Amino acid sequence: MAVFVYAENINGVYKKAAFEAVSYAKAIADQKGDTVTAVSINPTDSPDLLYKYGATNVINVKDEGLKNFSAKAYAQAVNEVANADIIVFPHTTDASSVAPMLAVQKNYSLITNAIAAPESLSPFQVKRRAFSGKGFMHAKAEGEGVIVTVSQNAFGVKENPVSGSEEVKNLAVANEDTKVLSHEQSSGKLDLKEAEIVVSAGRGMKGPENWGVIEDLANTLGAATACSKPVSDIGWRPHTEHVGQTGKAIAPNLYIAVGISGAIQHLAGVNSSKTIVVINSDPEAPFFKSADYGVVGDALQIVPALNEKIKAFKG
């Protein structure tokens, strides 16, 4: 039986998280000696993008009623086509709300935030993040089937090209419980959860007028920008940039924290970062205890100087 994977798209365009989920499903399929079937709802991107990462079959679900996202309706649509005992989802905001509903519909086990390929398939056992990213656990599924969500930037996107085929499924899934009144989507910026480099700042920047140095550094590095909760609360930055326990949990390869003290609530959302660099004028800032590299000094002097050095190095 093929390993199924939910390939998430936004307005028809596949997300990086979809490629990571397909890569993960391919690793499981190789363990099983089987193939990967990807399921996506109303995609416009070419299925070739999924073949590239190991999906032998792509099921293109066409349903005009699913133009607006609904977790329950999306779960029902996936349930109608995903006849497998292992189904992989990316651990994105939308997919993480579809996966548990599908688990209930199928009566499958659910394991979230997996960070490595399964240790065994029978029973299904995998390492996952726990306690808001402060620890790890080895979760075991004992049901007939399992749905697993893959933590972003944990397993990685791995090319594994195969010859594939696409099947179009026309569905008409009823979505009577909820009605979407409006849909707003940010554009022009990197998705924080998918970004491999994030430059984040806090109240140590002293005011929103100083944020230009943060954005300049982010542009030089090809990074996303983020902020601490107090900064978004007082309106210096939009809430979409808030990372932490009550904001977005991220796991970039590099997290640069500027003028952020490092309260436990903030750390809970960023401590899965592979490398953490802290810039702060207070040598006693708690964040230094969690940092891989630390710089003590005035951010308004250090960040522009760092930016110029990186530009020179890249040049």
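The legends below describe close-up views of a predicted model.

Figure 1. The C-alpha trace spans about 60 × 40 × 40 Å along its principal axes. Of the 315 residues, 48% count as buried. Among the contacts with a separation of 6 or more, 64% are between residues 24 or more positions apart.

**Figure 2. An open sheet of 5 strands with parallel pairing.** Strands of a sheet pair through backbone hydrogen bonds, and the pairing is either parallel or antiparallel. Here the strand order is S14-S13-S15-S16-S17. Strand S14 (224-227) and strand S17 (293-296) are the edge strands, each pairing on one side only. From one strand to the next, the twist averages 15 degrees.

**Figure 3. Strands S15 and S16, with the helices that pack on the sheet.** Strand S15 (residues 254-258) and strand S16 (residues 275-280) run parallel and are joined by 5 bridges. Within this pairing, Tyr255 stands opposite Ile276 in S16. Helix H8 (residues 299-314) packs on the sheet and touches S15, S16 and S17. The direction of H8 makes about 135 degrees with that of S16. Helix H5 (residues 212-221) lies across strand S13 (197-201), S14 and S15. H5 runs at about 175 degrees to S13.

**Figure 4. Strand S6 and its two neighbours, S1 and S11.** In strand S6 (residues 86-90), 5 of its 5 residues are buried. In a regular strand the side chains alternate between the two faces of the sheet. Both faces of S6 are covered. Ile86, Val88 and Pro90 are buried on one side, and Ile87 and Phe89 are buried on the other. Strand S1 (residues 3-6) pairs with S6 in the parallel sense over 2 bridges, and Phe4 stands opposite Ile87. Strand S11 (residues 146-150) also pairs with S6 in the parallel sense, over 5 bridges. In S11, Val146 is the bridge partner of Ile86.

**Figure 5. The largest nonpolar core and the surroundings of Tyr24.** In soluble globular proteins, nonpolar side chains tend to be buried together. The largest nonpolar core of this model has 31 residues. Val5, Tyr24, Leu50, Val88 and Phe124 touch the most other members. Helix H1 (residues 16-32) supplies the largest share of this core, 8 residues. Leaving aside residues up to four places away in sequence, Tyr24 touches Val88, Ala114, Ala116, Ala117, Pro118, Val126, Val148, Val150 and Phe155. A second, separate core has 26 residues, including Ala77, Val81, Ala99 and Ile147.

**Figure 6. A salt bridge between distant parts of the chain, Asp191 with Lys15.** Side chains of opposite charge can pair when their charged atoms come close. The closest N and O atoms of Asp191 and Lys15 are 3.4 Å apart. Asp191 is in the loop between strand S12 (165-170) and S13, and Lys15 is in the loop between strand S3 (13-14) and H1. The two residues are 176 residues apart. Lys15 counts as buried because its relative accessibility, 13%, is under 20%. Asp191 is partly exposed, at 29%. Glu8 is linked with Lys15 and Asp191 in a network of salt bridges.

**Figure 7. Two further salt bridges, Lys26 with Asp30 and Arg237 with Glu241.** The protein has 12 salt bridges in total. Between Lys26 and Asp30, the closest N and O atoms are 3.3 Å apart. Lys26 and Asp30 are 4 residues apart in helix H1, so about one helical turn separates them. Lys26 counts as buried at 14% relative accessibility, whereas Asp30 counts as partly exposed at 46%. In the other pair, the side chains of Arg237 and Glu241 meet at 3.0 Å, N to O. Arg237 is buried, with a relative accessible area of 11%. Glu241 is also buried, with a relative accessible area of 4%.

Key
Residues numbered from 1 in each chain as written. Predicted model: local features only at pLDDT ≥ 70, side-chain atom pairs only at ≥ 80, totals over all residues. Heavy atoms only, no water. Pairing = 2+ DSSP bridges. Axes fitted to C-alpha atoms, helices over the stretch in contact; angles between N-to-C directions. Contact = heavy atoms within 4.5 Å. Core = buried A, V, L, I, M, F, W, Y, C linked by side-chain atoms within 4.5 Å. Buried < 20%, exposed > 50% of the residue type's maximum accessible area, 1.4 Å probe, protein only. Salt bridge = Lys/Arg side-chain N within 4 Å of Asp/Glu carboxyl O.
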